[in-house]
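Take a look at the model below. This report walks through a sheet, a helix and the nonpolar cores.

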Amino acid sequence: MTETVRLIVDGVEYQVPKGANLVDAAKMIGNDIPVFCYHPKMAPVGMCRMCLVEQGTAQIEKEFGPLLRDDKGDLLVKWAPKLVTACTLVVTDGMAIRTQTQMVKDARDDIIEFLLTSHPLDCPICDKGGECPLQNLTMRHGAGESRFVYDEKIHLAKHYPLGDLIYLDRERCIQCARCTRFQDEVVGDPVLGFHERGRRLQIVTTSDPEFDTYFSGNTTDICPVGALTTADFRFGARPWELTEVPSVCTHCPVGCNTSATTRMDRDAGGKTIVKRIMPRQNEEVNEIWICDKGRFGHHHSRSADRITQPMVRQNGRLVPTTWENAYNMIVEHLKGAEGSVGAIAGPLLSNEDLWELRRLVETTGTNGKLGVWPYHMTGADITAQVGLAAGSNFKDMGKGTTIVVIASNLEDEAPVWYLRVKGAADRGARVVTVNSRRTEMDRWARQRVYFGYGEAIAALDKVDFGDAQNVVIMVGGEGLDRAGHYELMKAAAKKLIDRGNFGKLNNGLLAVWAGANTQGAFDMGFTSEATEAILEQRPRVLFLADADLVGEDALSGALLKTGFNVAVEMFLTPSALQADVVLPRQATLERDGSTTSGERHVQRFYTAQQPLEGTLPDWRIFSSITRLMGGAKPKLSVAAVMQEITQAVSNYAGMSYPKLAETKPQFPDVGGADLYYGGTAYNNDGGLGIQWKTSSELGSAPNVAKAKAPAKPKLKKDELLIVPVTELYDRQPEFYASQLMHTHIDAPYITLNPKDAEALGLSAGTTAAVSYGLVTLNATVRVDHLLGQGVALIGKNLSDQPSPAVPVAGAVRKVEVMANA
């Protein structure tokens, strides 16, 4: 239970949490102390002076005894002689403040007047106009006219690019340092700084490339003026024209809550479209942050390259057709398949899509296989027993907690989890990284264990858990195939079970799944084992729903050359180009649905923009085919599909759409009318979701078999183990459609141990040809002395040539560059 103390605000006594920041404590009781530099997610600095208050200490009879009063009954308070900054104070018992005296009001008025001496009067054309803290506080505290001479205004650059994603208006900047502190404190990438002094003080970028971070967009949210704007939204709309629609990011397993900012747009023919993506507060999931991939990677929803009409193969070519003809062709082949039907579901499918796809396959017979893509990770049966306990929160982790990150480059695979684990480390948590190469998380780790590929289980035994009361093990899949990953999941689970770190808050196993709704796919009955079975012996009819096997796995290219294949996609991917029928699916922003995060939070998303004509939601496609196969009628709405899931999947019992839409007060209270406090992250009106409990939380003893070390891969002479690694920014269609992000996508590369590179006649910066399966890829060489010999890392989805989905044997040779004639 939180210990409280007495705080007297304007003569009224309140109980507030002991040690709370004074601005936060005042906020809790409904007294908004205005701020510019202070932000509840960062350390106070007292730079702007907007939070000045009168402060004193009430006289107490004894420690924590009654407050003393005079003969009139007024509290006896010893007041400080001068105003103090509220943001630099923490609450103690008997603290007293005055926030409405004339001295305080005069100080606030003066601060606003000083800030406006060189601030441009361009509110009507400023992107922040209408949601600007400075504008709001000027209306409250500003003078009617300026006493300063216009000719003395400082004029600076108006459209200065800090990078290609963020623009700075140096005249609007009020030097609050929120952006520089966010990058330094929250992210740990101090790529912004101050330059010059006094009124000419300016924000500059100190990195090469400029503003080099995955989280730059968050600085525009917390900027209290219109100084920082995003490249894809600046001058695009006025805040009062916009409508916010709750959504969920589908780029990684974190499941960040977002707000899709929409407007009827002239350039879209008067249709409602998404103009920007903003963070939506959920303190248990992403707090108020999102990464730049989630912020800028939404443009696929209106891409001109989207498929908007069904297509069927005729005479070796895909030609447009009607939905009826496409359905009839599929049904004809399903009826002749004699139950030999399979489906592989990708990470963008919602829970409802997955459920209807399952029902479709089950309608065709009992031998249907339900696979998941990507397929190199598994172990949902283990997380269902000892997964991270419901109610756990990285924000509550600190001293006494050990967080182990194994086989994962967390910054690229789940960026906001990276931020949150880094925050836990700042609060005293012991972070341990166990990897085969250097990762960004190593910077915050107290122990780093490096191992050779194939030796992850043995490396886990070297982890020093210290005297931790709470333990979280985060397991990725880098360098592992499905079997190897399952053994690592078992090994991690056994560690937790042996220590007793399961079934209770802030303890358990957390898989860093490869897809946004991989957890949901497992919950709906799809498995990686089924995908392997399909790859080994394909069924007569195969559905690929958001699963581009040909484009993402060099070893699966031949799978679609036989049988009958149905691709349900937004784009003509390499797999779709080889399919017999292609059906156009809707983007997440065009429909309602739900997804399940890696932490097992089941969360709703809502229709934000008008769907492209000719497209349908996946669940509707699958249920229509099921009906034609003699199954049940399609549900009238996606909510009805979810209702069926709640009755059939025990972990989802009670998770109706109204329940998923429920909210509760969160702290800090951001997104309200007082934007100066938390910035323009949006409060949560769309639902916080529900997290299902593991079996150990419900009282069942876990039963996990002992892990077996997987066999090391056998390589021939002159072969290397080619290991695919995840890059946050890649060429997958749903992200590559955002053209402003192209410069952030790495060119194809290969990382080698220095000795391997030397033996091959290679060095950093040279070009190598990497061969695996039937693919040969030219890539730029990188060298890493921590990488074991015999291994070559290649970035996934960085080229038109597919990488392998799992580690494979391959060859590397030097590419001779021809001299100019």
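## The sheet

Two strands count as paired if DSSP finds at least two bridges between them. This is a predicted model. In it, five strands form an open sheet, in the order S21-S20-S19-S22-S23. The pairing is parallel. Strands of a sheet pair through backbone hydrogen bonds, either parallel or antiparallel.

Which strands sit at the edges? They are S21 (447-450) and S23 (508-511). Each of these pairs on one side only. On average, neighbouring strands of the sheet are turned by 15° against each other, direction ignored.

Look at strand S20, residues 430-435. S20 pairs with S21 over four bridges, in the parallel sense. Asn435 stands opposite Tyr450 in S21.

## A helix across the sheet

Helix H13 covers residues 482-499.

## The nonpolar cores

In soluble globular proteins, nonpolar side chains tend to be buried together. The largest nonpolar core here has 109 residues. Which of them touch the most other members? Leu410, Trp417 and Met474 do. Helix H11 (residues 415-426) gives the largest share of this core, seven residues.

Now follow Trp417. Leaving out residues up to four places away in sequence, Trp417 touches Pro253, Val254, Phe394, Leu410, Met474, Leu510, Ala511, Val512, Gly598 and Glu599.

Terms used. Residues numbered from 1 in each chain as written. Predicted model: local features only at pLDDT ≥ 70, side-chain atom pairs only at ≥ 80, totals over all residues. Heavy atoms only, no water. Core = buried A, V, L, I, M, F, W, Y, C linked by side-chain atoms within 4.5 Å. Buried < 20%, exposed > 50% of the residue type's maximum accessible area, 1.4 Å probe, protein only. Helix = DSSP H or I, 4+ residues; strand = E, 2+ residues; numbered from the N terminus. Contact = heavy atoms within 4.5 Å. Axes fitted to C-alpha atoms, helices over the stretch in contact; angles between N-to-C directions.
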